[in-house]
Amino acid sequence: MPNLRDFERRLGGLVEGLFSKTFRSSVQPVELARRVVREQDAGRQVGVSEVWAPNRFEIALSPEDMRRYEHAVSALVAELATIVRENAAERGYGLVGPPQIELVADERLGRGDIEVRASLVEGAEPQPEPDRRARAALVVHEDGSPRVVPLDRDVLTIGRLPECDLVLRDRGASRRHAELRRRGGDWVLTDLGSTNGTRLNGAAIQSRPLCDGDRITIGTTLLEFRAG
């Protein structure tokens, strides 16, 4: 069975703070985890070559208990989904889709009551979006020695200040010269009021989205943008 103490630990301050004070005589998060595990075990079905277990759980609580959970629903749902995956892995169950957890209020239930309805719901695991930031980069040509600077954050500042993300030794660069900012799937180059200006493909600019292969000039330093 999944480590329910670890479940409480992962919820951290929520369990020790909010829940330990307001849930003394009503539903504790670990009780929900135990009920989900119990219903998953009880609802397993033996297939031709695999044992399938429920992956969707509707958890009904009293309206009073639901109100006390309102500021922690997202964290609790995420951890309960982890419990579902861990229990399935430990028991050797197959899941027909990703874990789905829904908390609902039921007027029929009193404080501290729990009802869990488990079912098998087919669906594909969501695929993560490609991280465009990790693939984009700047090739900096400075002092005859090119170096690659990955764009692995949403904003990259360029200038002579040590606090800048990309520090240039070029005397023609201002202390805070320009920045690259990720907006949606694009990177936008913006001059930060520099003394000598910022040039993109030979033309002075204030702010402009970048395309793969664009050449940025700051002072005498050339930076090439690589989209991936």
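**Close-up 1. How confident is the predictor about this chain?** This is a predicted model, and its protein chain has an average pLDDT of 85. Scores of at least 70 go to 84% of the residues.

**Close-up 2. Helix α3 meets helix α5.** Here, α3 covers residues 29-42 and α5 covers residues 73-91. Their axes come within 10 Å and cross at roughly 40°, so the two helices are oblique to each other. The crossing of α3 past α5 is right-handed.

**Close-up 3. Who touches whom between α3 and α5.** On the α3 side, look for Pro29, Leu32, Ala33, Val36, Val37, Gln40 and Asp41. They meet Leu76, Leu80, Ile83, Val84, Asn87, Ala88 and Arg91 of α5. Sorted by class, this contact is made of 10 nonpolar, 2 polar and 2 charged residues.

Close-up 4. The whole structure has 15 salt bridges, and one of them joins the side chains of Arg117 and Glu58, at 2.5 Å from N to O. Arg117 sits in strand β5 (residues 114-119) and Glu58 in strand β3 (residues 56-61), so this pair links parts of the chain 59 residues apart in sequence.

Notes
Residues are numbered from 1 along each chain as its sequence is written. This is a predicted model: local features need pLDDT of at least 70, side-chain atom pairs count only at pLDDT 80 or more; totals for chains, interfaces and linings use all residues. Side-chain values use heavy atoms; hydrogens and water are left out. Axes are lines fitted to C-alpha atoms, for helices over the stretch in contact, and angles run from 0 to 180 degrees between N-to-C directions. Helices (H or I, at least four residues) and strands (E, at least two) are DSSP runs, numbered from the N terminus. Angles under 35 degrees count as roughly parallel, over 145 as roughly antiparallel, 65 to 115 as roughly perpendicular and the rest as oblique. A crossing is left-handed if the near helix is turned anticlockwise from the far one by less than a right angle, and right-handed if clockwise. Contact means heavy atoms within 4.5 Å. Ala, Val, Leu, Ile, Met, Phe, Trp, Tyr, Cys and Pro count as nonpolar, Asp, Glu, Lys and Arg as charged, and the others, Gly among them, as polar. pLDDT is the predictor's confidence in each residue, from 0 to 100. A salt bridge is a side-chain nitrogen of Lys or Arg within 4 Å of a carboxyl oxygen of Asp or Glu.
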